[in-house]
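Q: Could we go through this structure together? I would like to begin with the overall picture and then turn to individual residues.

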Amino acid sequence: MSTGDRPQSPASPTAAGGGPSLRAIAVVLLVVVAGILVADAVRRPWRKVQARFRALERQQLAVRLEAARLAADGAVADRLERAIASARASLAERAGERRQLERDERRLRERQASAETRRRLAEARLRAARAAGDETAAAHWQEEAVAARRAAEGFAELAANRAELLATMEADLAELEARRAALLEPLITLEARYEELAPGFMDLPVVGRLWPGYRLREIAPRGLDEQLAGHRRPRRDRCPTCHLAASRPGYDDAGWPEPLRSHPRPELFLAEGSSHPAADFGCTVCHGGVGRATDFTAAGHVPRNAEQAAAWTRDWGWRPGSRRPILAGELAQAGCSGCHDADLSPVAPLQEAGARLVRRLGCAACHRLDDSPPGSGPPVGPALDRLAAKTSREWAYHFIAAPRTYSAASAMPRF
């Protein structure tokens, strides 16, 4: 049979135009999945917060930069530059004198070191002579030690004199340069930061949100754990992902809205050197909430009123129902008693007022509280720990006012 007479294999559906290949389907699916992942990443609310902070900081820097330029009087700066140039020229003219002073100081320091060596050697031989009972040798080495010490002191004094003369020659220049730095350093620092925030790829719509500059930020407090899924794990607070300026001073005027403001009372909270630095305490130790969460609702945000709830729902997709609510504002005082048992009235008056009320009303007689000792007796009423996560303020007021309207079997008295 000739080659032309061989039977041909049946044409594949792809070759005949019968349908797409598996490879083409896989490519389409890959593109779709990649698009979904990119869209999900771009929609993350924290990326929107970081982009807003970047734009707002640039606006604020522009204002501060203009003020710094006005403060840095050009005429004063020019006069300082001319004075610095004159001082440097004067020093250049006295270069030979400066080099001689430097050589003198160096030689005197070397002779001082040599005299110190002789003194130590004489003192060692003096101790040996005394141990041997040789009074003549001891007297000789005593004189040698005294002479060496006086020589070392003399050389040190002369060297210090040369150093003082050098410092005097350079004092005018150093003072002028310090004045220039004080005048221009704020301006230089602001200009450098403004250049860092210059519009770039990060400011492009959609794709700019994928730039690595937008990233999750977290605090890992040293030695602090938390209970997660029945296990103790290191605490991770990702609150700084949105609260970008919390531990940075200077972001507390009216131009900085939440969550872009500095934390109040930096002398107590978050700032380095405070009594509660961020590196040691983080955020959730005081404020509660879910530190590892990056979703607005999952983190535990609780609105103050219906208007804020509506705004959060519109802007962040907030939903009610967090089991670990964030204690915002003055409510964070409730976290103080977790570590402190002293009188906290000066810094946590609301918490102290609540503690006094609980003691006065004797709530622990019926309810198990966080600090109730185990085995102190069966509680008649339910445990009150995490009460804010279980109920609302309105419900609590209604129930306390008339407990039996809620439950006829309630043992709680009507106060």
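A: A contact here means heavy atoms within 4.5 Å. The model is a predicted one.

Q: With that in mind, what share of the contacts between residues at least 6 apart in sequence join residues at least 24 apart?
A: Of those contacts in the chain, 57% join residues at least 24 apart.

Q: How many helices and strands are there?
A: The chain has 12 helices and four strands.

Q: And what percentage of the 415 residues is buried?
A: Buried residues account for 25% of them. The chain exposes about 27,500 Å², and 58% of that area is supplied by carbon and sulfur atoms.

Q: Let us turn to charges. How many salt bridges does the structure hold?
A: There are 15 salt bridges. One of them pairs Arg 162 with Asp 104, with the closest N and O atoms 3.8 Å apart. This pair links distant parts of the chain, since Arg 162 is in helix 5 (residues 135-196) and Asp 104 is in helix 4 (residues 95-132), 58 residues apart. Asp 104 is buried, at a relative accessible area of 17%.

Q: Which residues are linked with Asp 104 in a network of salt bridges?
A: The network links Asp 104 with Arg 107 and Arg 162.

Q: What about Arg 119, which residue does it form a salt bridge with?
A: Its partner is Glu 116, and the closest N and O atoms are 2.9 Å apart. Both residues lie in helix 4, three residues apart, or about one turn of the helix. An α-helix has 3.6 residues a turn, so residues three or four places apart point the same way. Arg 119 is buried at 18% relative accessible area, whereas Glu 116 is partly exposed at 23%.

Q: And Asp 295, where does its salt bridge lead?
A: Asp 295 forms a salt bridge with Arg 319, the closest N and O atoms being 3.8 Å apart. Asp 295 lies in the loop between helix 7 (284-287) and helix 8, and Arg 319 in the loop between helix 8 and helix 9, so the pair ties together parts that are 24 residues apart in sequence. Asp 295 is partly exposed at 32% relative accessibility, and Arg 319 is partly exposed at 46% relative accessible area.

Q: Helix 8, then: which residues are buried there?
A: In helix 8 (residues 306-316), the buried residues are Gln 308, Ala 309 and Trp 312. Viewed down the helix axis, the buried residues fall within an arc of 100°, so they line one face of helix 8. The face turned away from the buried side carries the exposed residues Ala 306, Glu 307 and Arg 314.

Q: What happens at its ends?
A: At the start of helix 8, a side-chain oxygen of Asn 305 comes to within 3.2 Å of the backbone nitrogen of Glu 307. Just after helix 8, Gly 317 has a positive phi of about 70°.

Q: What is the position with Glu 352, buried or exposed?
A: Glu 352, in helix 9 (residues 349-361), is buried yet has no salt bridge. Arg 356 is the nearest side chain of opposite charge, at 4.1 Å. Leaving aside residues up to four places away in sequence, Glu 352 touches Ala 342, Asp 343, Leu 344 and Ser 345.

Q: Finally, the backbone. Where is the cis peptide bond?
A: A cis peptide bond joins Glu 258 and Pro 259, with omega about 5°. Pro 259 is in the loop between strand 2 (231-234) and strand 3 (269-270).

Methods. Residues numbered from 1 in each chain as written. Predicted model: local features only at pLDDT ≥ 70, side-chain atom pairs only at ≥ 80, totals over all residues. Heavy atoms only, no water. Buried < 20%, exposed > 50% of the residue type's maximum accessible area, 1.4 Å probe, protein only. Helix = DSSP H or I, 4+ residues; strand = E, 2+ residues; numbered from the N terminus. Arc of directions from axis to C-beta. Polar contact = N/O pair within 3.5 Å; in protein donor to acceptor, adjacent residues only side chain to side chain. Lys, Arg positive; Asp, Glu negative; His and termini not counted. Salt bridge = Lys/Arg side-chain N within 4 Å of Asp/Glu carboxyl O. Areas by Shrake-Rupley, 256 points an atom, 1.4 Å probe, with all protein chains shown as cover.
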